[in-house]
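Welcome! Here is a short briefing to read alongside the sequence and the 3D view.

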Amino acid sequence: MTITTADPCEPAMVRPGPPLWLLAELTYRCPLHCPFCYNPTDHIRYRDELTTDQWIDVLRQARALGAAQLGFSGGEPLLRDDLEVLVDAAHRLGFYTNLITSGVGLTEQRLGALKHAGLDHIQLSFQDATRELNDFLSSTKTFELKSRVARLIKRHGYPMVLNCVLHRHNLPHVDKIIEMALEMQADYLELANTQYYGWGLVNRAQLMPDAAQLREAEAVVNAYRARIGQRCRILFVVPDYFESRPKACMSGWGSVFLAVAPDGSALPCHAARVIPGLSFPNVAATPLSDIWYHSDAFNAFRGDAWMKEPCGSCDERKQDFGGCRCQAYQLTGDARAADPVCAKSPEHGVVEHAVQFAAGQRRESREAPLIFRSDANAARLHPSLAPD
């Protein structure tokens, strides 16, 4: 970032560098119904999607700004019939492209077409290493399909990342998940503990593990790391609620990450829509350079002038940027507050209470049923969106 100011008497303004990482959320449609999905719980509000030409224009503008890495995500991006066209356009523009997929719809023919179009990398999600739990958590019968797709990915010579979102229900299986990844010859295994946004927040009490579960799982991961070396790189992401300092969310708001939602809304992070009072520009109406550099939404939490105490005077504010703005709003009602996962936050007790409550529920086995992502459940959570 560079600091500029037109008037030496005025506070310096932070001008960001380019958006290096572009996430193209092509659609919120998805064949799976995962209860930890980070997509907005009102996803049915955003049924209109950018056209092929509009997406290609977004890619051109992002590349001109300096974006180098591109993720095709969703929902399930394979539900877009034009995915190969978009991959081809991105490849010609010079992006390094990554497909983030459930594997549903990734046939031999389609994988060959994506390879021909220039797709660089594939991240394939599993919900568990067992058929029973994988299919229960996705509310679909997809374990065998995912296993076939994993073999296809390797056969086509792709570097492959297997991703499995961890939570109370599958943490005891982390050894089986690692063994599955090794059997499938995955290059990377991302064990990302559930972060509580979207549907994950709705199901927080049912998904959150206790500290003992996390410690045991991390010990298993570290033992495998020591044993297998570089054969498969394992990333283990601890859930925010169990840390004493917040993560540097998106490396800072509007710093390097730019997401474009299916309807064309430009977002500084996946969950940004939860923050009221911010108007997110649409790429169909506003040039991407204007959005990135000049929009109120992207400038809302850049720098540190917006910070309240204790962040404003904290010597770690240049490293963690105050933590996650969406999480701060969801837990305190104030997007400018310190992220409550931080032990310095006056609201840290909210996080401690959530952890204690989830642990108590687990011990007493009084869990409410999971609320799976679906159009019907979205309408129940947001009655104004229910059809007449």
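In helix 1, the buried residues are Trp55, Ile56, Val58, Leu59, Ala62 and Leu65. Buried means under 20% relative accessible area, exposed means over 50%, and partly exposed lies in between (1.4 Å probe, protein chains only). Helices (H or I, at least four residues) and strands (E, at least two) are DSSP runs, numbered from the N terminus.

This is a predicted model, in which local features need pLDDT of at least 70 and side-chain atom pairs count only at pLDDT 80 or more, while totals for chains, interfaces and linings use all residues. Residues are numbered from 1 along each chain as its sequence is written, and side-chain values use heavy atoms, with hydrogens and water left out.

- The buried residues of helix 1 pack against strand 3, strand 4 (69-73), helix 2, strand 10 (257-260) and helix 10 (288-294); contact here means heavy atoms within 4.5 Å.
- Helix 1 has 14 residues and spans 20 Å from its first C-alpha to its last, close to the 20 Å expected at 1.5 Å a residue. The expected span of a helix is 1.5 Å times one less than its number of residues.

- Pro31 sits in the loop between strand 3 and helix 1, and it counts as partly exposed because its relative accessible area is 27%.
- Pro31 and Val104 are 73 residues apart along the chain, yet their C-alpha atoms are separated by 7.5 Å.
- Leaving out residues up to four places away in sequence, Pro31 touches Glu76, Leu79, Ser102, Val104 and Thr140.

## Helix 5

- Helix 5 (residues 143-155) is made of 13 residues and reaches 19 Å from first C-alpha to last, close to the 18 Å expected at 1.5 Å a residue.
- Its buried residues are Phe143, Lys146, Ser147, Val149, Ala150, Leu152 and Ile153.
- An α-helix has 3.6 residues a turn, so residues three or four places apart point the same way.
- The packing partners of the buried residues of helix 5 are helix 3 (108-117), strand 6 (121-126), helix 4 (131-138), strand 7 (160-166) and helix 6 (174-183).
- Gly157 follows helix 5 and has a positive phi, near 80°.

## Nonpolar cores

- A nonpolar core is a set of buried Ala, Val, Leu, Ile, Met, Phe, Trp, Tyr and Cys residues joined through side-chain atoms within 4.5 Å.
- The largest nonpolar core has 69 residues, and those with the most contacts inside it are Leu22, Phe72, Ile153, Leu162, Ile178, Leu189 and Leu191.
- Apart from that core lies another, of 24 residues, which includes Cys269, Phe280, Cys324 and Cys326.
- Beyond its neighbours within four places in sequence, Leu191 is in contact with several residues, among them Cys164, Leu166, Val174, Ile177 and Ile178. Its contacts also include Val221, Ile234, Leu235, Phe236 and Val237.

## Salt bridges

- Side chains of opposite charge can pair when their charged atoms come close.
- A salt bridge is a side-chain nitrogen of Lys or Arg within 4 Å of a carboxyl oxygen of Asp or Glu, and by this rule the count comes to 18 salt bridges.
- Arg47 pairs with Asp375 in a salt bridge, with the closest N and O atoms 3.9 Å apart. This pair links distant parts of the chain, 328 residues apart: Arg47 is in the loop between strand 3 (21-25) and helix 1 (52-65), and Asp375 is in helix 15.
- Arg47 is exposed, with a relative accessible area of 55%, while Asp375 is partly exposed at 42%.
- Glu84 and Arg110 meet in a salt bridge at 2.6 Å, N to O. Glu84 in helix 2 (residues 83-93) and Arg110 in helix 3 are 26 residues apart.
- Are Glu84 and Arg110 buried or exposed? Glu84 counts as buried because its relative accessibility is 17%, and Arg110 counts as buried at 15%.

## The loop around Ile371

- Ile371 lies in the loop between helix 14 (348-364) and helix 15 (375-381).
- Ile371 counts as partly exposed because its relative accessibility is 30%.
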